[in-house]
Amino acid sequence: PSGERSQEHVDKSSFIYETQKAIFIQDILPHLKVFLQSSKWDPLYDFDNLPLVYEGLISIANKLTQQNDSMNKVSKDKDPDNLQVFDNVFADIPTDGMHDLCTIIRKTILIDVVFPKISNSLKQWKPKITKNRDGSQLIKNMLHVWIMPWLPHLDHESILENLLVDVKTKIHSSLKLLSKLHGVGSEYFFFKDGISILMPWHEILGDKILHDITSNTITPRMGRYLSRVIICKDAKRQNWESVLILFDIFDHNLLSKREFLSLMEGEIMSNWSCSLYSALSNKLFHVQDAVEFYAIWKRKCFSTPSTHSSPFHKSQFTPRHVLLKEDTIICRHFYGGLAMIKAMYDSDDVLMKSLKPPPRIAINYKIVQVYRAKENRLKEEEEELRGSLDASNNAVKTHVSDHGIRSATFREVVEDFAHVNGKSFYPKLGENATKDGKPIFMFGYKQIYLDSNVVFMLNKSIWNPVSLEELVSMC
C-alpha cells in the first residue's frame, strides 16, 4: 500500500509538471513573444527588466524539470514496472520536437525574437550625443549598456560571434565620432572617453581585437598629441597630463606592448633626450638641476604604479614600469642622459658632441614601430635558425650563439616603411647615384639618401631632411 501511495504521488507530480509545462508553452510564452515582437519593446531603452524576466523563466523551468526528474527517479528506483510517464498526455502541444522546457523557452524567446531584434537594432544603431553642464559632449546611448545584459544568454549557436562582428564596427564608428567631438586641444577628454567605450568590452572581445581597434582609432592621435609635449627644464613644473593618459591607456590593457614602447621612445624619450642635450650644451643647467631633472623623469617612468592607477590585473599582463625597465632602448635613453650630465660635469665637449641624439624630425612613433617590428622579425628568424641548427649541428649552433642577434638597420626600417605604405624602394643606378659617398635610393619617385638615421630628400636641387610621413605624403 505504501508503494502504491508513493507511485500515486509521483504520477500526480508528473501530471502537475506536464500541466505547468503546458501553461508555459500555450499561455506564458506566446504572450511574452507577442510583446517582444511589438514596438512596445525597444532593446535600446528597455534593457533592465526583460533580461531578468527571461532569467526568471529559465530558473523556474529548471526547478520544475529538476523536481519532476527527481520524483521519476524515486519511482523508478522503488518500482520500475509501475512507472507511468505523462509524455503523451499533452501530445498536441507544438514544441517542434523539443521536450526540455528550458530549450523551448530559449528557442521561442531568445533565438526567435530577442536575438533578431537586438541584431537589427545594433545594425541601425547610431551614437547619440548629449551635452553636459560644463559644455562637454558625450555619447548617450553606449553600446555596452543595452547589449551586455543579454550577452550571458546569447552565447548559443554562434549567435554571439555574429553579434560581435557588428559590435566591433559600431565601436569604430563611436570612436571616430568621439574624435570629431573632441577636436585639437581636447585630446585628454577624447582618450578618457575612449577608455570608457572600450573597457566594458575587454573580457568579451579580448586583447588582440581591442589593441587593433586602439591602433586604428586612438594611437595615431596619441602620437600627434605626444609630439606636441613640451619638456620643461624644471621637471617639478612639468605638465604630466599627456604622459599619464598614455600610462592610463596601457594600464587598462588597451594598447599593445609594441605600440606603447614605440610611443614612449618615438614621442617622449626622444624629445626628452633632445631637450636634455640642448639644455646641457647651452649651459642652461647646473649639475644639480640636471640630476634632479633626470631623477624625476626616471621615477615617473620606472616607479611601481598604484593599484588605483593600474586597474587591470592579469597574470600575463606586464605592468608598464616592468616593461619600461626591461626595454633596452628606453634604458639606453636614460643611460645616455646620465652620460650627458657626466660629460657636462667633466667639461668634456668631445664626449658631449658624440652623445648628441638624432633630431626630432628624424624619429617618431611610426618609425620606431617599424624599427621594432623589423627587429622582432629578425629575432624570430634568428631563434628559428638557432633551433634548427641546435637539432642538427651543435658546432654550428655555438657559432650562431656567439654571433648574437642582429639589429635592424635604418635602411631596412625605411624600406619596410615604404612597403607598408605601398611605395617602391630601390637603389638608384647609373650616374649621380651617390651623395657625399652615400648611396641614393628611389622612394616612390623621390630621390633620398640616409645619413645618421635621418632621411634627406632631393627637392629642386636641394637636399632637405624630412620625416618618413612627409616623404610618403610627397610621393
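Two strands count as paired if DSSP finds at least two bridges between them, and this cut-off is used in the exercises below, which concern a predicted model.

**Exercise 1.** Decide which strand pairs with strand S4 (residues 434–435), and in which sense the two run.

*Solution.* Then look for a facing pair of residues, where Lys435 stands opposite Lys438 in S5. Finally, inspect the turn of this hairpin, which has two residues between the strands and in which Asp436 takes a positive phi near 55 degrees.

**Exercise 2.** Find the other strands that pair with S5 (residues 438–443), and describe each pairing.

*Solution.* Start with strand S3 (residues 425–427), which pairs with S5 in the antiparallel sense over three bridges; here Pro427 has Phe441 of S5 as its bridge partner. Continue with strand S6 (residues 446–451), which pairs with S5 over four bridges, again in the antiparallel sense. In this second pairing Phe443 stands opposite Lys446 in S6, and the hairpin, with two residues between the strands, contains Gly444 at a positive phi near 65 degrees.

**Exercise 3.** Describe how confident the prediction is, for the protein as a whole and for residues 1–5 and 80–98.

*Solution.* Take the whole protein first: the pLDDT averages 82, and 81% of the residues score at least 70.

Conventions. Residues numbered from 1 in each chain as written. Predicted model: local features only at pLDDT ≥ 70, side-chain atom pairs only at ≥ 80, totals over all residues. Heavy atoms only, no water. pLDDT = per-residue confidence, 0-100.
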